[in-house]
Amino acid sequence: MGQPVERGSGEDDSGRAVQPELPPGQRLQRGWPVTHYGPVPKFRPERWEFRVFGATADGGKRCWTHEEFAALPYTTVMADLHCVTKFSMLGAEWGGIPARTILRIAPPAPAVTHVMVWAEYGFSSNLRLADFASERTILATHKDGELLTAEHGFPLRLVVPHLYAWKGPKWVRGVEYMTADRRGFWEERGYHNLGDPWKEQRYSYQEEPGDGPEL
């Protein structure tokens with residue numbers, strides 16, 4: 001089952017509503033704006049597959065059809081979404097496949113430190129293995145009990161609640177296990193390699209030594 005929101009709205013001990021805690025520089029968003037780069041891909045279920053490849057424990061590749069992937073154990077996570085464009089959407093229920101399930105079924109080699117999440121049109125986002133393995137990271141198919149719309153990432157988007165939302169791509173098609181870090185699409189174009197909203201890690205010029213590979 002899903003975990004409670006770590007930071008967000010709620011009640012104090014007397015039952016009175018309290019204001020949500022937002023990361024620095026963020027504003028509370030009502031509704032869910034559509035934000036993405038490039039066109040919305042057309043979903044063709046007969047051609048869709050999800051791949052795990054790279055430095056896998058057995059050296060092979062694992063693939064699922066859309067029907068097979070949809071049959072994996074489903075769970076929900078209550079979590080916020082913080083966009084680098086400075087809006088935050090609080091308390092959404094995300095439904096889908098926990099990232100930990102993928103790591104269990106198709107385990108990485110012991111030397112793996114990072115993953116690259118691949119999406120349609122060659123879009124990519126890099127994550128530390130620990131971020132991908134978080135109990136709250138989910139390959140989402142639903143939001144608030146309803147299937148994602150195409151504009152919001154149907155049939156699959158990654159949600160990493162403790163990082164900025166660009167670290168969770170829409171239209172995900174696979175995960176590459178890596179033994180060294182490598183920047184993804186936005187990380188190569190000036191966005192922070194780690195993307196922690198509570199540290200306001202928005203842009204690459206804010207990086208400290210060790211935060212990421214050389215640009």
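This is a predicted model: local features need pLDDT of at least 70, side-chain atom pairs count only at pLDDT 80 or more; totals for chains, interfaces and linings use all residues.
Residues are numbered from 1 along each chain as its sequence is written, and side-chain values use heavy atoms, with hydrogens and water left out.

The accessible surface of the protein amounts to about 10900 Å², and carbon and sulfur atoms contribute 50% of it. Such areas were computed by the Shrake-Rupley method with a 1.4 Å probe, and for residues only the protein chains shown count as cover. The secondary structure consists of three helices and 13 strands. These elements are DSSP runs numbered from the N terminus, helices (H or I) having at least four residues and strands (E) at least two. Among the contacts in the protein with a separation of 6 or more, 66% join residues 24 or more positions apart, a contact being defined by heavy atoms within 4.5 Å.

An open sheet is formed by five strands in the order E5-E4-E13-E8-E9, with mixed pairing. Strands E5 (62–65) and E9 (124–128) lie at the edges and each have a single partner strand, so one side of each is left without a neighbour in the sheet. From one strand to the next, the twist averages 15 degrees. Two strands are taken to pair if DSSP finds at least two bridges between them. By this criterion, strand E4 (residues 49–54) and strand E13 (residues 172–178) pair in the parallel sense over four bridges, and Val52 has Val175 in E13 as its bridge partner. E8 and E9, by contrast, pair in the antiparallel sense over five bridges, and Trp118 stands opposite Ser124 in E9. The hairpin of E8 and E9 has four residues between the strands, and Tyr121 in this hairpin takes a positive phi near 60 degrees. Four of the five residues of E9 are buried, so this strand is largely enclosed by the rest of the structure.

In soluble globular proteins, nonpolar side chains tend to be buried together. A nonpolar core is here a set of buried Ala, Val, Leu, Ile, Met, Phe, Trp, Tyr and Cys residues joined through side-chain atoms within 4.5 Å. The largest such core has 26 residues, of which Phe50, Phe69, Ile102, Phe132, Leu139 and Tyr177 touch the most other members. Two or more residues are given to this core by each of E4, helix H2 (99–105), strand E8 (114–119), helix H3 (129–132) and E13. When neighbours within four places in sequence are left aside, the contacts of Phe132 are Ala99, Leu103, Val115, Val117, Leu127, Thr137, Leu158 and Val175. A second, separate core comprises 14 residues, including Leu81, Cys83, Trp94 and Ala140.

Cys83 is buried, with a relative accessible area of 8%, whereas Cys63 is partly exposed at 29%. A search of the whole structure found zero disulfides, a disulfide being a pair of cysteine sulfur atoms within 2.5 Å.

Leu72, in the loop between H1 and E6, is buried, with a relative accessible area of 12%. Leu72 touches Trp64, Ile97, Ile102 and Ile105, not counting residues up to four places away in sequence. The C-alpha atoms of Leu72 and Gly96 are 8.7 Å apart, although 24 residues separate the two in sequence. Glu67, found in helix H1 (residues 66–70), is exposed, with a relative accessible area of 68%. The C-alpha atoms of Glu67 and Glu46 are separated by 9.2 Å, and these residues lie 21 residues apart along the chain.

Several backbone features were also identified. Phe154 and Pro155 are joined by a cis peptide bond with omega of about 15 degrees, and Pro155 lies in the loop between strand E11 (146–147) and strand E12 (157–159). Lys86, a residue other than glycine, has a positive phi near 90 degrees. Lys86 occupies the loop between strand E6 (75–82) and strand E7 (87–98) and is partly exposed at 38% relative accessibility. Glu200, in the segment after E13, has a positive phi near 50 degrees and is partly exposed at 27% relative accessibility.

Methods:
Axes are lines fitted to C-alpha atoms, for helices over the stretch in contact, and angles run from 0 to 180 degrees between N-to-C directions. Buried means under 20% relative accessible area, exposed over 50%, partly exposed in between (1.4 Å probe, protein chains only).
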